[in-house]
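User: I'd like to learn how to read salt bridges in a model. Could you walk me through a few cases?

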Amino acid sequence: MATTTSPSAVLSLASVTLDVADLEAARRFYRAFGVDAYVRLRASEAPSTGFRGFTMALTVTNPATVDAFLGSAVDAGATVLKPAAKSLWGYGGVVRAPDGTIWKVATSAKKDTGPVDREIDEVVLLLGVEDVKATRRFYADRGMAVARSFGGKYAEFAPGRSGAVKLALYKRRGLAKDLGVPADGTGSHRLVLGGTTGAFTDPDGFVWEAVASS
């Protein structure tokens, strides 16, 4: 799909929309999970099998807060893909929502330093891509500022505003391995990104639609 972005336009991620088969059930789940402020939902029956090529990641302060969010998700119907556990980088776990979206909840802390507060420090949309460098250039050419980059393995863009969902890129197979799922998948990503410029599709098939920045 040809981009309608003008050379002077600066792209930022304004919204994340998940395509779900059961809209009301998805609304109930995301309210119970506590992340409904970060995603929009849209009814869709678009066919999709296997890994959909992305994950939503929450960063919180303490391991107990990780457990609280993951517990809420499981109580609301999520499936555990990776139980919460300590790692080299901290503490975290992975669940799959009833609509199929994979969520990772993690903290860099390995022990609690305060009470469970249900506060979310950061939300990142991680896209699994075939060529991180090429896709990073694709977005940088559209005005997205690269905040961090680790060669061909990972890239993260600066958010368009405070509290917004960050966009990051990871090798598709590496992301699937981190989430504990096979990398193969076909059909729709069942994800639409709202951008502050015109509609386009990126090199890995992720669809952007023009929305007003909020």
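This is a predicted model: local features need pLDDT of at least 70, side-chain atom pairs count only at pLDDT 80 or more; totals for chains, interfaces and linings use all residues.

User: Which side chain does Glu24 meet in a salt bridge?

Analyst: The general idea is to look for a side-chain nitrogen of Lys or Arg within 4 Å of a carboxyl oxygen of Asp or Glu. Here the partner of Glu24 is Arg27, at 2.5 Å from N to O.

User: Where do Glu24 and Arg27 sit relative to one another in helix α1?

Analyst: Both belong to helix α1 (residues 23-33), and because they are 3 residues apart there, about one helical turn separates them.

User: How many salt bridges does the structure hold?

Analyst: There are 8 salt bridges. Another one joins the side chains of Arg148 and Glu156, at 3.1 Å from N to O.

User: Which residues are linked with Arg148 and Glu156 in a network of salt bridges?

Analyst: Glu122 and Lys166 complete that network.

User: Now the strands. In which sense do β9 and β10 pair, and over how many bridges?

Analyst: Strand β9 covers residues 146-150 and strand β10 covers residues 154-157; they pair in the antiparallel sense over 4 bridges. To follow the pairing by eye, find Ser149, which stands opposite Ala155 in β10. The two strands form a hairpin with 3 residues between them. In the turn, Gly151 has a positive phi of about 55 degrees.

User: What about Arg173: which side chain does it meet in a salt bridge?

Analyst: Arg173 meets Asp184, with 3.6 Å from N to O. This pair links distant parts of the chain: Arg173 lies in helix α4 (residues 172-179), while Asp184 is in the loop between α4 and β12 (185-187), 11 residues apart.

User: Are Arg173 and Asp184 buried or exposed?

Analyst: Arg173 counts as exposed because its relative accessibility is 59%, with the cut-off for exposed being over 50%. Asp184 is exposed as well, with a relative accessible area of 55%.

How values were computed
Residues are numbered from 1 along each chain as its sequence is written. Side-chain values use heavy atoms; hydrogens and water are left out. Buried means under 20% relative accessible area, exposed over 50%, partly exposed in between (1.4 Å probe, protein chains only). Two strands pair if DSSP finds at least two bridges between them.
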